Amino acid sequence: MKQWWKEAVVYQIYTKSYYDTNGDGIGDLQGIIRKLDYIQSLGATVIWLNPIYKSPDVDNGYDISDYQNIDERYGTLSDFKELLSEVHKRGMRLIMDMVLNHTSDEHAWFQESRKSKDNPYRDFYIWRPEKNGKEPNNWGNYFYEGRGSAWEYDETTREYYLHNYSRKMPDLNWDNIELKKAMCRMMRWWLDLGVDGFRMDAINRLVKPRGLPDSPNPPTPPVGIHGYVVDRTMCANRPGIHELLHELNEEVFSRYDIMVVGETGNVNAAIAMDYVQEEREEIDMVFHFEIAKNPVLVNAVQFKEIQRRWYHVIEQHGWITQYLSNHDTPRQVSWFGDDKEYRYESATMLAALMHTHPGTVYIYQGEEIGMTNVDFPSIEYYNEKYTVGKYQTMVESGVDPETALNSLKRTSRDNDRTPMQWNSREHAGFTSGTPWMHVNPNYPEINTESEEHAEKSVLRFYRTLIAMRKEHPIMVYGTYRQILEEEEHLIIYERAYQDEKWLIICNFYGRQEKLPEVAAAAIDTPEKKLLLSNYHNVEEETLIRPYETRIYRIR
Ligand code: GLC
Ligand code: CA
């Protein structure tokens, strides 16, 4: 079935690093408003905002202390309404990040909850007494914070509360009916304001395993975390999660014309099917971690195998996402491509790969100008919880600081969080003050202004691709069939829709390849037309140059 959100090209904005209008060094909502024409010129149809709610900001806004207010760093509710109306005026839509797994410990609910065991909000969170003089179980927190446990002892009532992430982010108890009602009311409040959907944070982790058993796995290195086990599977896809999502769908989602995309770690295509099949009425699509698989780099054969499995979800009446990076990953051109010699070629090949695969496409801010990883000289430059926590743990366990830092650099989530590079002026034109986080020093060469005029422009390539997607339904609704699944360097596939057929060739690596016979035969037709390529001209049809991509219409 056709849906606007299947056709969407979503542009993800990390507000804090996008554009600062009042000189405090922090991106803000007015900054997004000023850049809407730029986003529109790119062709994006939906904007996804990372959390902008009121927050103490220990995890860049994923620790929410008030769901119905905007953090003053970013602006006010009236700025938000202005943004929403400006987005709508331009024919675009806006979705919010929705964090339902945990709140900040500064949220009023938690403040109440910790007061006494019989407080009406006690049960909004997960409290347990000690077990044999220790934490209630062996779970470790995902941020390697403190000594590593996922439990924090609270003096007032002498019990522990669960926090899978930071101790300042207590997990919520979704068995509590009052909590569920409050969350539904809150989500409807945003939708009534006109918001067009949600990106649901860690959505498959809301329901915890019955009895909160120990993880059977051995303690997770680094050893500094004192024997706790960081096991992200413990709370993923537990019995009850589908019933809960179906309920949220009935109570909230189905009552509006919106899109809902869930962030789901520990999910493969088979598991995802149960979240996204239309007839199950849960959510529309999920972000899986099989390709943007920080810290593991997948190769071309694995990429193809993963895409084949996920295409099956579409064949079974579900829908999928296509993305290579977000605020939790390295920059895609640095991770999957070559950010030095072939920055333009690899950034554009990866773009073509995403936009010609079936699924809704997500672009992370800066990706459209080929922004790269950053190489900061010391840990003080880094900010995000995971890098800092893991670094400290490693150093405490005796790892040499330089080695620890080097092992984390390439995968740090901060690679994607450096300020957006607008121009070659000071701080990349991001702020007139001091940016909250250091700008990538390569901004004089890589920025939106230079991309406008560059001979080889990643930005213009994105614009062309997105415009093509609007013009050619085959890119969204066409069937998908790979050619030469086991070929190790080239990703070649056909899309077909009504009378039309396309053949797409992507060289996943920086070495020239010979086009295999079958593919050469497929383009050997008088009807063939080269629609787009990231090289000026095709000199020899059967030679595929480093990171080359070609999109052919063959029928
Ligand atoms: C998600 C977010 C990440 C955050 C975590 C906890 O994985 O994408 O940035 O740290 O949830 O909310
Ligand atoms: Ca600001």
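This is a predicted model: local features need pLDDT of at least 70, side-chain atom pairs count only at pLDDT 80 or more; totals for chains, interfaces and linings use all residues.
Glu145 touches His163, Ser166, Arg167 and Lys385, leaving aside residues up to four places away in sequence. Glu145 belongs to the loop that runs between strand E6 (127-128) and strand E7 (151-154). Despite its charged side chain, Glu145 counts as buried, because its relative accessibility is 11% and the limit for burial is under 20%. One of its neighbours is also a polar partner: the side chains of Glu145 and Lys385 make a polar contact at 3.2 Å.

Residues up to four places away in sequence aside, Tyr386 touches Tyr142, Phe143, Tyr144, Arg232 and Arg413.

The packing of H12 can be considered next. Two packed helices are described by the angle between their axes and by the distance between the axes. The crossing in which H12 passes H13 is right-handed. On the side of H12, the contact is made by Thr387, Lys390, Tyr391, Met394 and Val395, and on the side of H13 by Pro401, Ala404, Leu405, Ser407 and Leu408. Seven of the residues in this contact are nonpolar, two are polar and one is charged.

The loop between strand E13 (360-364) and H12 contains Gln365. With a relative accessible area of 1%, Gln365 is buried. Its contacts, not counting residues up to four places away in sequence, are with Tyr11, Gln12, Ile13, Tyr14, Ser17, Tyr18, Arg331 and Met420. Towards one of these, Tyr14, the side chain of Gln365 reaches the backbone nitrogen at 2.7 Å. Tyr144, which is among the residues touched by Tyr386, stands apart from Gln365: the two are 221 residues apart along the chain, and their C-alpha atoms are separated by 28 Å.

From Tyr386, Leu94 is 292 residues away in sequence and 28 Å away in space, C-alpha to C-alpha. From Ser533, Leu94 is 439 residues away in sequence and 31 Å away in space, again C-alpha to C-alpha.

The description ends with a metal site. The calcium ion (ligand 2) is coordinated at 2.3 to 2.4 Å by Asp20 (OD), Asn22 (OD1), Asp24 (OD), Ile26 (O) and Asp28 (OD). Along the chain, the donors of this ion follow the spacing D-x1-N-x1-D-x1-I-x1-D. Asp20 is buried, because its relative accessible area is 5%, and Asp28 is likewise buried, because its relative accessible area is 4%.

Definitions and conventions
Residues are numbered from 1 along each chain as its sequence is written. Chains are lettered from A and ligands numbered from 1 in the order in which they are written. Side-chain values use heavy atoms; hydrogens and water are left out. Donors are N, O and S atoms within 2.8 Å of the metal (3.2 Å for Na, K and Ca); water is not among the atoms, so sites may look incomplete. Buried means under 20% relative accessible area, exposed over 50%, partly exposed in between (1.4 Å probe, protein chains only). A crossing is left-handed if the near helix is turned anticlockwise from the far one by less than a right angle, and right-handed if clockwise. Helices (H or I, at least four residues) and strands (E, at least two) are DSSP runs, numbered from the N terminus. Contact means heavy atoms within 4.5 Å. A polar contact is a pair of N or O atoms within 3.5 Å; within protein, one must be able to donate a hydrogen and the other to accept it, and residues adjacent in sequence count only if both atoms are side-chain atoms.
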